[in-house]
Amino acid sequence: WLKKVEAKKKLAERTKKHNAGALKARIVKQKEMVQRIASHYRASHAAETSVAAAKKQAAAVGAFYAAPEAKVAFVIRLRGVNQLDPKSRKILQLLRIRQINNGVFVKLNKATSTMLKLVEPHIAYGYPNLKTIRELIYKRGFLKINKQRIALDNNEQISSHLGKVGISCVEDLIHEIASCGPNFTKACQLHVALQAQLPPWRLHQEAHSLRRGW
């Protein structure tokens, strides 16, 4: 009986030490995360301030400010598979937009720009700012984990898969996509295609088309 009591005491002490160590590690990790998020906000604010100053300076001398070319585009699919040629089908698969209203972030370069032009009749795309990217990820963000589509609801989901490359929270993921960083591809592979919601008038239009047999 005494041996069991001593074993329970030792187990309780080990558990207490382990919990204390885990708590300290979690606190350190949270502090590092807060510092990193603050640096992201400072960098984005500095970029916005410099652009505003450049526009003001150009306007003062009667010139125009030419903004730098966008690095990231948000692409959404508008049409289905009916009357879709094989080349366009393959491009849409490479862009990871396999269904209507799927949306993805695409890194812009010569190859992707050419692909977007080839499938322009089937898609719509634009160049989102940091605010738009943040709202899209927070409101409709999903991750691909173990070949399953899982809602993005905590930072552990990100840190367990992208922590090795310095992406350990949602704000890191947003910053990597918005700045088109070196791990943009890995971030987009983990973050699955967004599913847009149709407005009510579009749902009514589709139902009318189905009744007419269009």
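Predicted model: local features only at pLDDT ≥ 70, side-chain atom pairs only at ≥ 80, totals over all residues.
The largest pocket holds about 840 Å³ of space. M115 sits in helix α3 and is buried.

**Largest pocket**
- Its lining counts 27 residues, and A47, P128, N129, L130 and A178 are the closest to the centre.
- Elements giving two or more residues to this lining are α1 (2-60), α4 (130-140) and α6 (170-178).
- Helix α1 supplies the largest share, with eight residues.
- By class, the lining of the largest pocket has 15 nonpolar, seven charged and five polar residues.

**Second largest pocket**
- Here 15 residues form the lining. Nearest the centre of this pocket lie R96, R98, K144, V192 and A193.
- Two or more lining residues come from each of β5 (148-151) and α7 (184-190).
- The class count for the second largest pocket is seven polar, five charged and three nonpolar residues.

**M115**
- Helix α3, which carries M115, spans residues 110-118.
- The relative accessible area of M115 is 18%. M115 therefore counts as buried, as the cut-off is under 20%.
- Beyond neighbours within four places in sequence, M115 is in contact with I91, L94 and L95.
- M115 and E48 are 67 residues apart in sequence. Their C-alpha atoms are 30 Å apart in space.

How values were computed. Residues numbered from 1 in each chain as written. Heavy atoms only, no water. Helix = DSSP H or I, 4+ residues; strand = E, 2+ residues; numbered from the N terminus. Buried < 20%, exposed > 50% of the residue type's maximum accessible area, 1.4 Å probe, protein only. Contact = heavy atoms within 4.5 Å. 1 Å grid on protein atoms, 1.4 Å probe; cavity = no way out; pocket = protein on both sides within 12 Å on 5 of 7 lines; lining within 4 Å. Points joined across faces, edges and corners; volume = space filled by probe spheres on them. Nonpolar A, V, L, I, M, F, W, Y, C, P; charged D, E, K, R; others polar.
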